[in-house]
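Welcome! Please take a look at the sequence and structure below, and then let us walk through a few places together.

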Amino acid sequence: MQTVDVLVVGAGLAGLHTARLLARRELNVMVVDRRRSLSTGIRTTGIFVRRTLDDFDVPDHLLGPGIRDVLLYPPSRRAPVRLTSDRDEYRVADMAAVYEHARRAAESAGARVLLGVRYVNASRGLVRFEGAEPVTARFIVGADGARSRVARDLGLDVNRRFLVGAEIIHPIAPGTTTPAFHCVLDPRIAPGYLGWVIDDGRYAHVGVAGYPKAMRTGVRHLLDAFAADAPGSTPPTGPVERRGGPIPVGGVLRRLACPDGLLLGDAAGAVSPLTAGGLDPCLRMSELAAAVVNGYLRTGDPRVLSRYDGNALRNRFRGRLLLRRAFAGIRSPAAAEAAVTALRGRAGRALAARILFGDGSFPEVNPRLADLAIDHPHR
């Protein structure tokens, strides 16, 4: 039976980035994912914010043109609030290519990435799969999505508050639109969240998300209804792709680590509770997680795991968790119209710009790495 230092379950951006960082530290790392191809089962729109692109090396050729304009619409779709930044704030990635790039980077660092292997369960370091022989793992990293099975097997916290989202993606005729991010606040089609059209001049992403219990006709029906007359949408010039899935919005979970493993990305609730953005959080937490795992395996000191503390991160989210509750409370078109009207004033525009263009989307975790004992020699 194979023995590995670290088994990473899930070959998304969080899992692959962590695997690369751990393999570079000369740990024996295996990544498994049930998908047979990383181009299938994509659930994220792929929106990278400026702060992420400033701090992490995402290859430029995998990103679409920059977007500076955001338009916020009330349910009537009339007189949107336009916010314009003097910098490129958003770029939409080709996520299939981003995952493949991350896979190659992890493998180049020494990690093994096995696709078409479904995680079944883990107990006392023995991990069973469907599609491969079991392995013994010193440590397990659960990067297996919002409804993580690893979290349950390790006795860690699980996500309980979700939005469900769906979108369609298609190419558009070049030169026919100005890149923009259109956001529609309308509880009839996106209860508790937004309908959106993000158009970077090459592709259009049209989507809705909301609380599933309030989406009585189903997310797919609501998406089709929204797409029929969504502001900023343009006809497709090529194949239409559909994506969708759950989005955890309860904030970072409190109990994220134990002596047998830890959680990352959506499995850890590492999604901004207000904007529902998860790419920036998954990269930042991956840096911290890799340092913690390395330090723990090198030293055997369980105190190292206490540095991967969900409570500390949750404390940084208090304001956004309150805004999430306020957002969820907008349950009628009249209330949504009033909310957008409030954003037209100076204070409202400043708040919206801070949320959409600010640098506080996810707490910075890198400074905490300096305190970790991660450079101990092999025992």
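P80 sits in the loop that runs between strand 4 (69–73) and strand 5 (81–84). Helices (H or I, at least four residues) and strands (E, at least two) are DSSP runs, numbered from the N terminus. With a relative accessibility of 30%, P80 counts as partly exposed; buried means under 20% relative accessible area, exposed over 50%, and partly exposed in between (1.4 Å probe, protein chains only). P80 and R128 are 48 residues apart along the chain, and 53 Å separates their C-alpha atoms.

## How to read the model

This is a predicted model, in which local features need pLDDT of at least 70 and side-chain atom pairs count only at pLDDT 80 or more, while totals for chains, interfaces and linings use all residues. Residues are numbered from 1 along each chain as its sequence is written, and side-chain values use heavy atoms, with hydrogens and water left out.

## Salt bridges

How many salt bridges does a search of the whole structure find? The search finds 19, where a salt bridge is a side-chain nitrogen of Lys or Arg within 4 Å of a carboxyl oxygen of Asp or Glu.

D280 forms one with R284, and their closest N and O atoms are 2.9 Å apart. Because these two residues are four apart in helix 6, about one helical turn separates D280 and R284. D280 is buried at 4% relative accessibility, and R284 is buried too, at 0%. Salt bridges with shared partners join R51, D55, D280 and R284 into one network.

D224 and R242 also meet through their side chains in a salt bridge (2.8 Å, N to O). This pair links distant parts of the chain, 18 residues apart: D224 belongs to helix 5 (residues 219–228) and R242 to strand 15 (residues 241–248). D224 is partly exposed at 36%, and R242 is partly exposed at 38%.

Another salt bridge joins D186 to R188, with 3.0 Å between the closest N and O atoms. D186 is buried, having a relative accessible area of 2%.

T299 lies in helix 6 (residues 279–299). Is T299 buried or exposed? Its relative accessible area is 13%, so T299 counts as buried. The T299 side chain reaches the backbone nitrogen of D301 at 3.1 Å.

Key: A polar contact is a pair of N or O atoms within 3.5 Å; within protein, one must be able to donate a hydrogen and the other to accept it, and residues adjacent in sequence count only if both atoms are side-chain atoms.
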